[in-house]
Amino acid sequence: MARRTLKQRVRAGEMVGGAMVIEFFSPGMAKIAVEAGCEFLIYDMEHSGLSIETLKMLYASARGLPIAPIAIQAHDGRKLTWHDLQWLDRTEIGTPGESCD
């Protein structure tokens, strides 16, 4: 039996653990969160100075780890462009290639 993705588990009402990151944008954050038992990380672009360039680095640092990075878009002029949104849609959340809708 195939393991259900994080998205499938959330939609089924299963409890999953994660963390919200507002100001500690270190490439090691994903590994630290995995070791703490997190299954997802929410990177907050709305309440911090997080840029899309840093976000891409943070997503890349989570590759190969059993954790789903998720981004909250800024509402203060640091809007994600169409290209950024396309890039985020191709990132992993649960399994490679699954859309982040």
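Student: What does the side chain of Ser48 have a polar atom 3.4 Å from?

Tutor: That's the backbone nitrogen of Leu50, 3.4 Å from a polar atom of the Ser48 side chain. The backbone oxygen of Ile22 lies 3.5 Å from a polar atom of that side chain. A polar contact here is a pair of N or O atoms within 3.5 Å; within protein, one must be able to donate a hydrogen and the other to accept it, and residues adjacent in sequence count only if both atoms are side-chain atoms.

Student: Before I go on, what am I looking at, and how is it numbered?

Tutor: It's a predicted model, where local features need pLDDT of at least 70, side-chain atom pairs count only at pLDDT 80 or more, and totals for chains, interfaces and linings use all residues. Residues are numbered from 1 along each chain as its sequence is written, and side-chain values use heavy atoms, with hydrogens and water left out.

Student: OK. Where is Ser48, and is Ser48 buried or exposed?

Tutor: Ser48 sits in the loop between strand E2 (40–44) and helix H3 (52–62). Helices (H or I, at least four residues) and strands (E, at least two) are DSSP runs, numbered from the N terminus. Ser48 is buried, at 9% relative accessible area. Buried means under 20%, exposed over 50%, partly exposed in between, with a 1.4 Å probe and protein chains only.

Student: And Asp44, what's in contact with that?

Tutor: Asp44 belongs to E2 and counts as buried, with 0% relative accessibility. Beyond its neighbours within four places in sequence, Asp44 touches Met20, Val21, Ile22, Phe25, Leu50 and Ile72, where contact means heavy atoms within 4.5 Å.

Student: Which strand pairs with E2, and in what sense?

Tutor: E3 (residues 68–72), in the parallel sense over five bridges; strands pair if DSSP finds at least two bridges between them. The chain crosses from E2 through H3 to E3 in a right-handed β-α-β crossover. Right-handed means that, with the strands pointing away from the viewer, the path from the first strand over the helix to the second runs clockwise.

Student: Which residues of H3 are buried?

Tutor: Ile52, Leu55, Leu58, Tyr59 and Ala62. They cover an arc of only 115° around the axis, so they lie on the same side of H3; the arc is that of the directions from the helix axis to the C-beta atoms.

Student: Last one: what's the mean pLDDT of the chain?

Tutor: 76, with 71% of residues reaching 70 or more; pLDDT is the predictor's confidence in each residue, from 0 to 100.
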